[in-house]
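Colleague: I am new to reading interfaces, and I would like to learn how such a feature is described. Could you take me through one, step by step?

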Number of protein chains: 2
Amino acid sequence: MNRVVIIGSGNLAEALARALAAARGLQLVQIHARNEERGREVARIAGCAWSGDPAALAPADLYLIAVSDRAVAEVAERLPIPHGAAVAHTAGSVPMEAIPAKFARRGVFYPMQTFTKGRAVDFRPIPIFLEASTPELLAELEEVAQRLSDRVIPADSERRSKIHLAAVFACNFANHMYALGEEIARSAGLDFDVLRALVAETAAKACDAASPRDVQTGPAVRGDRTTQERHEALIADPRMKEIYQTISQNIWETSRKI
Amino acid sequence: MNRVVIIGSGNLAEALARALAAARGLQLVQIHARNEERGREVARIAGCAWSGDPAALAPADLYLIAVSDRAVAEVAERLPIPHGAAVAHTAGSVPMEAIPAKFARRGVFYPMQTFTKGRAVDFRPIPIFLEASTPELLAELEEVAQRLSDRVIPADSERRSKIHLAAVFACNFANHMYALGEEIARSAGLDFDVLRALVAETAAKACDAASPRDVQTGPAVRGDRTTQERHEALIADPRMKEIYQTISQNIWETSRKI
């Protein structure tokens, strides 16, 4: 299994295209995407062909569907993908069964990372979670994934959903905490720049620790109510205050040595 | 103003001691701390003397009080610090007035970073927020701070409280999101290791962006209710569910282009 077509032109499609183009033993033969501008751009980045025409879908061993979660089923149904080919979607929280049963060789190929247009990332440390309709296909997908990453992990749909949820906390929610920090800094006449060293060190410290719990700092873990009351008095927005209180309470509860 | 005594032996005291010991034009003359073991350890790291005896407090131009927020006033009151010396505490959310008024030259010297025992950090990008009882003292503290950091910012107590609150979100709360991610990953039989690449990239991406809002990803910012419902069904703990819903709602509300 070495000829691969990527279907889609979003952030994940671009990152996969970069990684596949650079991998030994794999051939990225086509980016298939409806959005011509983005499709051409991703194809240019990866040095391969683009097509938006279903009739021109290239023959391949593996079709990786990297489209929005909701579009997986419809895209797999609509495109003239050969029924004997392997078809995998790349979404963290979509069941494998979203791919129509007419594909006997269906699976999931989920790289857990946050991807951004135009931003290259090192794929080797990114965990890739795999699921497949047969043990044979799982072994084939493992071989492909190992050419991209050092961490290839089989995971059925339920396990993968949990992993995706973990990623939402560690990535999406953490990023929102940076954004709320920025908002508060702005209320003090300062911009996000003032928080950059702190954000970088917080992540570096957690990554160097056995567990982020071991390096938790701040008033909540100390049970410092005086500081928390000063903070609460500074927050006018009710939802932000609720976030402050709920997270503080949870830090305190989960850090207590009972 | 070049002879400095640090009072305290916690994480911030250690980081300040490292930075002062390495700075040109400043002399760290003593670590004064009640906890002998930690006091000696910090003094060893910084290559200076330790004392726990109030009668042996060394003469200096500046006394930096790096103790717990609640202990600032009592420590400043109790120790035989010469009334003519400059005395500054290092706490983000403690008013300058916690230092007794008998010190005409009192101030605040707050480096905004998360510090950990045994972990060296580069002090140059760390913002140091200063407050002082007189313009003359502010200028003197600025000169000291500039020997440690490239970002020295005057901030009265109210502004500093807001900055400290911003830091709690961007650091303490972000770290707790990593910890919750770890907890969920463990429920899927995986440890924190699987999240490290994601945590590192999330922080790096935010730091490289103009604003963390620009790089927000995930189901909440897309308004993807299907995925959110799948996630909510996986969360048994009521407080974790509340955190999931409140943060998701806030990401959606604050990202909508109205």
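Colleague: How many residue pairs are in polar contact across the interface of chain A and chain B?

Modeller: A polar contact is a pair of N or O atoms within 3.5 Å, where within protein one must be able to donate a hydrogen and the other to accept it, and residues adjacent in sequence count only if both atoms are side-chain atoms. Across the interface of chain A and chain B there are 51 such residue pairs (both at pLDDT 80 or more). This is a predicted model, in which local features need pLDDT of at least 70 and side-chain atom pairs count only at pLDDT 80 or more, while totals for chains, interfaces and linings use all residues. Residues are numbered from 1 along each chain as its sequence is written, chains are lettered from A and ligands numbered from 1 in the order in which they are written, and side-chain values use heavy atoms, with hydrogens and water left out.

Colleague: What is the count of salt bridges between chain A and chain B?

Modeller: A salt bridge is a side-chain nitrogen of Lys or Arg within 4 Å of a carboxyl oxygen of Asp or Glu. The count between chain A and chain B is ten, and one of the salt bridges joins B:Glu183 to A:Arg213, with the closest N and O atoms 2.8 Å apart.

Colleague: Which area is buried between chain A and chain B?

Modeller: Buried area is the accessible area (1.4 Å probe) that two parts lose on being put together, summed over both. Between chain A and chain B that area is about 9000 Å², with carbon and sulfur atoms giving 63%. In terms of contact (heavy atoms within 4.5 Å), 93 residues of chain A meet 93 residues of chain B.
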